[in-house]
Amino acid sequence: MSLLLPPKALAEEKGTIWTWPAPVVAAAFDAAGHLAFGLGDGTIRLASPGEPQAVAVQAHRGAVLALAPDGAGGFLSGGDDGRLLRVAPDRAVIEIAAVPGRWISAVDAAPVTGRRLAVTGSEVLVFDADGTPVTRLQGPAGLDGAAFDPRGRRIAAAHYGGVTIWSPRQRAWAAKLHGWQGAHLAVLWHPRSRFVVSAMQEKALHAWRLSDGVHMQMPGYPAKPRSLAWADGGRALLTSGSEGVVSWRFTGRDGPMGGTASESGWARGVPITRVAAHPLLPVAAAGAKDGFVALIPLDGSGYVPVLRPNGAAVEALTFSPDGRWLAAADAGGRATLVDLQP
């Protein structure tokens, strides 16, 4: 695949655009290339690449708070109605769990094991592929993001004071705290499980090398770096939080320790809110606080505009598994699907 769009081929000329009466809070492709958007009105909008229509599925009584591809295909969603749902590509909705009076603030699924998780308050609920409850992991109050490791066994969750990793044992799950003072808002595993990285309220990242627990600071952001993506096979970590895409090198045993970040993108004076890494090419996508979206080659050779600004922050940005499609969506209810095939 070559990149990708001529410099002036904006999505208005080469994409499918939907405008909905509620903010879009998340977007995801599943492994088969089906696409879903989660909205603040509780609907999941299902779209098929190449098709002009998106189908609304009424999923939650309230807002969608979290969305992720399910290991069995389709999508997991969590809402402020306390329900964890699986939404299939054929629009079937299955309730996996309900926690009345609480929010489901984060969800994840493990393709290898088929397990699923949902964060509610200070607990991580874990389910098998058939929906059978596995365990309830008790963490500190106010858990934020949580994720399975690449093998689908361990679970990491971010919270105030650090990141807790749970590992299954024969009779129970063992918890290990990787501590660092401050509020940790999101967590990301390295593709080969060498590191775990958290995004912090204090406008910084923090990482731990899992072989020995050595930690490393990545400060200096002008805004909270809430969006993280691995590129180059896990050798680079791309983040939001500045006016360009910030990249930290994770080569060698020590990762970013002793190094500095690089920054690429544009000089528009507008912070980037979302980043995504192309699955096959050394290319990032970046979405800004004013709705602008661009493709950015990681060799620093400029950028390719994709979507004009509309004044609404980009809240979701993701590539399809084959890298052909880019989906973007914002807080104003605009969602876009762009074909990157020349």
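## A glycine in a loop

G300 is exposed, because its relative accessible area is 54%, where buried stands for under 20% relative accessible area, exposed for over 50% and partly exposed for values in between, computed with a 1.4 Å probe and with protein chains only. G300 has its place in the loop between β26 and β27, the strands here being DSSP runs of E with at least two residues and the helices runs of H or I with at least four residues, each numbered from the N terminus. From G300 to R235, the C-alpha to C-alpha distance is 16 Å, while 65 residues separate the two in sequence.

The structure is a predicted model, in which local features need pLDDT of at least 70 and side-chain atom pairs count only at pLDDT 80 or more, whereas totals for chains, interfaces and linings use all residues. Residues are numbered from 1 along each chain as its sequence is written, and side-chain values use heavy atoms, with hydrogens and water left out.

## Overall architecture

The protein contains 30 strands and one helix, and its C-alpha trace spans about 60 × 50 × 30 Å along the principal axes. The radius of gyration is 19 Å, which agrees with the value near 20 Å that a compact globule of 342 residues would have; this radius is taken over C-alpha atoms, and the globule rule is 2.2 Å times the number of residues to the power 0.38.

Of the 342 residues, 56% count as buried. Among the contacts with a separation of 6 or more, 42% come from residues 24 or more positions apart, a contact meaning heavy atoms within 4.5 Å.

## Surface and charge

The accessible surface of the protein amounts to about 14100 Å², and carbon and sulfur atoms contribute 50% of it; the areas come from the Shrake-Rupley method with a 1.4 Å probe, and for residues only the protein chains shown count as cover.

There are 32 positive and 28 negative side chains, and the centres of these two sets are 5 Å apart. Lys and Arg count as positive and Asp and Glu as negative, with His and the chain ends not counted, and each charge is placed at NZ of Lys, CZ of Arg, CG of Asp or CD of Glu.

## Aromatic pairs

Six aromatic pairs are found in a search of the whole structure, where rings of Phe, Tyr and Trp (its six-membered ring) pair if their centres lie within 6.5 Å, and where planes under 30 degrees apart count as stacked, over 60 as edge-to-face and the rest as tilted. One of the pairs is stacked and is formed by W18 and W20, with 5.9 Å from centre to centre and 10° between the planes. Both W18 and W20 are buried.

F292 and Y303 form an edge-to-face pair, with 6.2 Å between the centres and 90° between the planes. This pair links distant parts of the chain, eleven residues apart, as F292 belongs to the loop between β25 (283-288) and β26 (293-297) and Y303 to the loop between β26 and β27 (304-307). F292 is buried, because its relative accessible area is 7%, whereas Y303 has a relative accessible area of 36% and is therefore partly exposed. Elsewhere, W18, W20 and F37 make up one aromatic cluster.

## Residues with positive phi

Most residues other than glycine have a negative phi.

G114, in the loop between β10 (106-109) and β11 (116-120), counts as buried because its relative accessibility is 15%. Leaving aside residues up to four places away in sequence, G114 touches D128 and A129, while the C-alpha atoms of G114 and R308, which are 194 residues apart along the chain, are separated by 39 Å. A31, by contrast, counts as exposed because its relative accessibility is 74%; A31 has its place in the loop between β2 (24-29) and β3 (35-39), and its C-alpha atom is 15 Å from that of R116, 85 residues apart along the chain.

L188 belongs to strand β16 (residues 173-189). With residues up to four places away in sequence not counted, L188 touches F195, V196, V197, L228, A229, W230 and L237, and the C-alpha atoms of L188 and A157, 31 residues apart along the chain, are separated by 9.1 Å.
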